Amino acid sequence: MQDQVSDNAFAIELFSGLPKRYDELAEVLSFRQNAQWRRELVSRLSTHRPNTILDVATGTAGVAIALAAATEARITGVDISDAMLARGRQRVQRAGLAGRITLELARAEALPYQPGYFDAVSFTYLLRYVADPEATLAGLARVIRPGGHMASLDFYVPPKVGWRGAWRGYTRTLLPAAGLLFGGRPWWDVGRFLGPNIEGFYARWPLPRLVAAWKAAGMVNVGWRVMSMGGGLVMWGTKEDA
Ligand SMILES: C[S@@+](CC[C@H](N)C(=O)[O-])C[C@H]1O[C@@H](n2cnc3c(N)ncnc32)[C@H](O)[C@@H]1O
C-alpha cells in the first residue's frame with residue numbers, strides 16, 4: 001500500500017461512510033439497474049468457466065459473491081477501503097462463501113500478484129478513481145493468464161440528448177437529495193460528486209479511447225454494451241495469447 005495515502009486518499013475517504021447501507025442504496029439509487037449491469041458482467045466471465053478470478057474494487061463483495069454463484073472459481077477480491085472490505089467479509093461469511101472468496105487490502109494500481117496468476121479479472125466502478133487509467137488497465141491485464149478474460153462495469157453518460165438531459169437532472173438534484181434522505185451526509189457527498197465525476201471522466205476518456213487502452217494493455221476481442229439508455233457500460237475482452 002505504498003503511496004496509497006496520497007494517491008487514493010480521496011476514494012478511501014469517500015467510501016469510508018458508505019458500507020453500512022451500500023448494497024441497498026446502490027440498487028435503490030440506480031433504479032435497480034446496477035443489478036442488471038452486474039449480471040451482464042458476470043455472464044461475460046462465467047461463460048469461460050474460470051477457475052480463479054480477481055475482483056478489483058470489490059467493495060462489499062457484491063460482484064465477488066455473484067461470480068461465486070455463477071462459477072466454481074476461487075475468487076480474490078481487493079479494495080483500498082478497509083471499511084468496505086469489513087462489510088464485504090461479513091457478507092461473504094453470511095453467504096457461506098468464506099472457503100471460496102478471500103478479500104484483501106490492495107490497490108488496483110499495484111496488484112501484488114505474479115503475471116498471469118488469474119484466469120479472469122473483473123473490476124467495477126474503478127477507473128474514475130485512479131490517476132492513470134491506462135497504466136492501471138495494463139496492471140490489471142498483466143495478472144491475467146494468456147487467453148484469460150477481463151470484464152468491467154461502470155456508469156456511463158447517456159449518448160442521446162433527451163436521456164442525457166434527464167440523467168443530468170437526476171444526478172445533479174434527485175440523486176444527492178435521495179442519498180441524503182436515505183443514507184445521510186456521506187450519501188449526499190457521493191451523490192453530489194458522482195454526476196460531474198462521471199461526465200468529467202468520459203470527457204477525458206471517451207469510449208474509443210477506453211477501448212484503445214484495453215487493446216494497448218494486451219486485450220483482444222474487446223467488446224462493450226451500453227445499457228439502461230446509456231446509464232451503464234459493461235466492457236469485456238480476452239488477454240492476447242503470448
Ligand atoms: C462504487 S464501489 C463498488 C464496489 C463493488 N465493486 C460493487 O460493484 O458493489 C467502488 C470501490 O472502488 C474502490 N476503489 C477505489 N479506488 C480504488 C483503487 N485504486 N484500488 C482498489 N479499489 C479502489 C473503493 O474503495 C470502493 O470500494
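Predicted model: local features only at pLDDT ≥ 70, side-chain atom pairs only at ≥ 80, totals over all residues.
Q: What makes the phi of Met229 worth a look?
A: Its phi is positive, about 60 degrees, although Met229 is not a glycine. Most residues other than glycine have a negative phi.

Q: How do you know whether Arg49 is buried or exposed?
A: Arg49 has 12 other C-beta atoms within 10 Å. The cut-off for exposed is 12 or fewer, so Arg49 counts as exposed. You'll find Arg49 in the loop between helix 3 (33–46) and strand 1, with a positive phi near 50 degrees.

Q: Why are strand 3 and strand 6 said to stand at the edges?
A: The open sheet has seven strands in the order 3-2-1-4-5-7-6. Strand 3 (101–105) and strand 6 (219–227) each have a single partner strand, so one side of each has no neighbour in the sheet.

Q: How do you know that strand 1 and strand 4 pair?
A: Pairing needs at least two bridges, and four bridges join strand 1 (residues 52–56) to strand 4 (residues 118–124), so they pair. These two strands run parallel, and Ile53 stands opposite Ala120 in strand 4.

Q: What makes Val121 stand out in the largest nonpolar core?
A: Val121 is among the five named members, along with Val56, Leu67, Leu140 and Met150, that touch the most others of the 63 residues. Leaving aside neighbours within four places in sequence, the contacts of Val121 include Leu54, Val143 and Ile144.

Note on methods. Residues numbered from 1 in each chain as written. Core = buried A, V, L, I, M, F, W, Y, C linked by C-beta atoms within 7 Å. Buried ≥ 20, exposed ≤ 12 C-beta atoms within 10 Å, placed from the backbone. Contact = placed C-beta atoms within 7 Å.
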